[in-house]
Amino acid sequence: MTLSPTNRELAHQLLWDYDAVSVDIPMLLIAGAGSGDDWVVTGKQLRAIDDDISANKLMARRRDTAHGEVLYTANGYVMAWFMWHLRGDEQAARTFTGAAPEIMSNPMYQDQQMELGQSGCAG
């Protein structure tokens, strides 16, 4: 899981290089949007990171949320993701699965993209 990732160019300048192509576990990417510090990772940059990940994944940007606030505002989704993938919790899984996953229509989020394959869960 990555909360408010840094764009590749900035990460390189900070000597934090990473390669999202190497990700082979379910990944939740959540970043802030519209807070004035979108330069940390724009929607286009987050999609590029998401595109490199071939594992099951979900990407979303929380509206009007600063980079440093994402950790505290996305905690319900973070908990549900961990409960689903680490404990196999079916109730938590419904946040991300089924005909109408809650996160895909939450008005506090934008740019949601999801690719979960057949079962969606790794375990």
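Select tryptophan 81 and tryptophan 84, which are both buried, a word used here for under 20% relative accessible area, with exposed meaning over 50% and partly exposed anything in between (1.4 Å probe, protein chains only). This is a predicted model, in which local features need pLDDT of at least 70 and side-chain atom pairs count only at pLDDT 80 or more, while totals for chains, interfaces and linings use all residues. Residues are numbered from 1 along each chain as its sequence is written, and side-chain values use heavy atoms, with hydrogens and water left out.

Both tryptophans belong to helix α4, where, being three residues apart, they are separated by about one helical turn; helices (H or I, at least four residues) and strands (E, at least two) are DSSP runs, numbered from the N terminus.

Now widen the selection to Tyr77, Trp81, Trp84, Phe96 and Tyr109, which form one aromatic cluster. Rings of Phe, Tyr and Trp (its six-membered ring) pair if their centres lie within 6.5 Å, and planes under 30 degrees apart count as stacked, over 60 as edge-to-face and the rest as tilted. How many aromatic pairs does a search of the whole structure find? It finds five. Tyrosine 77 and phenylalanine 96 make a tilted pair, with 6.2 Å centre to centre and 50 degrees between the planes. Because tyrosine 77 lies in helix α4 (residues 75-87) and phenylalanine 96 in the loop between α5 (90-93) and α6 (102-105), this pair ties together parts that are 19 residues apart in sequence. Tryptophan 81 and tryptophan 84 are paired edge-to-face, at 5.5 Å centre to centre with 90 degrees between the planes. Tyrosine 77 is buried at a relative accessible area of 8%, and phenylalanine 96 is buried at 1%.

Two strands pair if DSSP finds at least two bridges between them. Strand β1 (residues 2-3) runs parallel to β2 and is joined to it by two bridges, with leucine 3 opposite isoleucine 30. Together β1, α1 and β2 make a right-handed β-α-β unit, in the sense that, with the strands pointing away from the viewer, the path from the first strand over the helix to the second runs clockwise.

Move across to strand β3 (residues 57-63), where six of the seven residues are buried. Seven bridges join β3 to β2, and these two strands run parallel; arginine 62 is the bridge partner of glycine 32, and arginine 63 stands opposite alanine 33. On to strand β4 (residues 109-115), which runs antiparallel to β3 and is joined to it by five bridges, with lysine 57 opposite glutamate 115.

For the last stop, consider the backbone. Most residues other than glycine have a negative phi. Which value does phi take at leucine 15? It is positive, about 65 degrees, and leucine 15, in the loop between α1 and β2, is exposed at 74% relative accessibility. Aspartate 111 also has a positive phi, near 60 degrees; this residue is in strand β4 and counts as partly exposed at 29% relative accessibility.
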